[in-house]
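Subject: Handing over a structure, with notes on what was found

Dear colleague,

I am passing on to you the structure shown just below, and I would ask you to keep it open while you read the notes that follow. Please take them slowly, turning the view as you go.

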Amino acid sequence: MNSKSQMLFVVWSLALPVLYVLPAIVGFIRKKRNKWAIFLLDPFHGRTVIAWIVAMVWALGDDTPDSTQSAG
């Protein structure tokens with residue numbers, strides 16, 4: 001291995017785990033109500049691209065209650 005490929009390996013070794021749990025990180029930073037559910041979705045289903053996208057959309061989504069729902 002040359003130094004360029006070693007550096008690329010190090011960068012990917014650090015970046016991929018962060019990318020994998022990015023929905024959970026975003027959920028915690030944004031103080032989502034369901035941050036723990038987003039966190040648990042990552043390790044159990046995050047390997048599939050669809051579940052990762054769902055978790056990311058969930059983490060980025062609005063947390064305010066729907067105004068059409070009744071309070072009663």
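Lys31 has its place in the loop between H2 and H3, where the helices (DSSP runs of H or I, at least four residues; strands are runs of E, at least two) are numbered from the N terminus. Lys31 comes after H2, and its phi is positive, near 55°, although Lys31 is not a glycine. Lys31 is also exposed, with a relative accessible area of 67%; here exposed means over 50% relative accessible area, buried means under 20%, and partly exposed is in between, with a 1.4 Å probe and protein chains only.

Before going further, please bear in mind that this is a predicted model, in which local features need pLDDT of at least 70 and side-chain atom pairs count only at pLDDT 80 or more, while totals for chains, interfaces and linings use all residues. Residues are numbered from 1 along each chain as its sequence is written, and side-chain values use heavy atoms, with hydrogens and water left out.

As for the whole chain, its secondary structure comes to 4 helices and 0 strands, and from the N terminus on the elements run α-α-α-α. Of the 72 residues of the protein chain, 18% count as buried. The accessible surface comes to about 5,800 Å², of which 71% belongs to carbon and sulfur atoms; these areas come from the Shrake-Rupley method with a 1.4 Å probe, and for residues only the protein chains shown count as cover. Among the contacts (heavy atoms within 4.5 Å) with a separation of 6 or more, 50% are between residues 24 or more positions apart.

How do the helices pack against one another? Two packed helices are described by the angle between their axes and the distance between the axes. The axes are lines fitted to C-alpha atoms, for helices over the stretch in contact, and the angles run from 0 to 180 degrees between N-to-C directions. Angles under 35 degrees count as roughly parallel, over 145 as roughly antiparallel, 65 to 115 as roughly perpendicular and the rest as oblique.

H1 and H2 pack at an angle of about 60°, with their axes 4 Å apart, and they are therefore oblique to each other. Val18, Leu19 and Tyr20 of H1 meet Leu22, Pro23 and Ile25 of H2 in this contact, which by class has 6 nonpolar, no polar and no charged residues. For these classes, Ala, Val, Leu, Ile, Met, Phe, Trp, Tyr, Cys and Pro count as nonpolar, Asp, Glu, Lys and Arg as charged, and the others, Gly among them, as polar.

The axes of H2 and H4 come within 8 Å and cross at roughly 10°, which makes H2 roughly parallel to H4. Leu22, Pro23, Val26 and Gly27 of H2 make this contact with Trp52, Ala55, Met56, Ala59 and Leu60 of H4.

For helix H3 (residues 35-45) and helix H4 (residues 49-60), the axes come within 9 Å and cross at roughly 170°, so that H3 is roughly antiparallel to H4. On the side of H3 the contact is made by Ala37, Ile38, Leu41, Asp42 and His45, and on the side of H4 by Ala51, Trp52, Ala55, Trp58 and Ala59.

Which residues of H3 are buried? They are Ile38, Leu41 and Asp42, and seen down the axis of H3 they fall within an arc of 105°, so they line one face of the helix; the arc is that of the directions from the helix axis to the C-beta atoms. On the other side of H3, Trp36 and Phe44 are exposed. An α-helix has 3.6 residues a turn, so residues three or four places apart point the same way.

In H2 the buried residues are Pro23, Ala24, Val26 and Gly27, and they cover an arc of only 160° around the axis, which puts them on the same side of H2. They pack against H1, H3 and H4. Pro23, at 0% relative accessibility, counts as buried, and, not counting residues up to four places away in sequence, Pro23 touches Ile38, Asp42, Trp52, Ala55, Met56 and Ala59.
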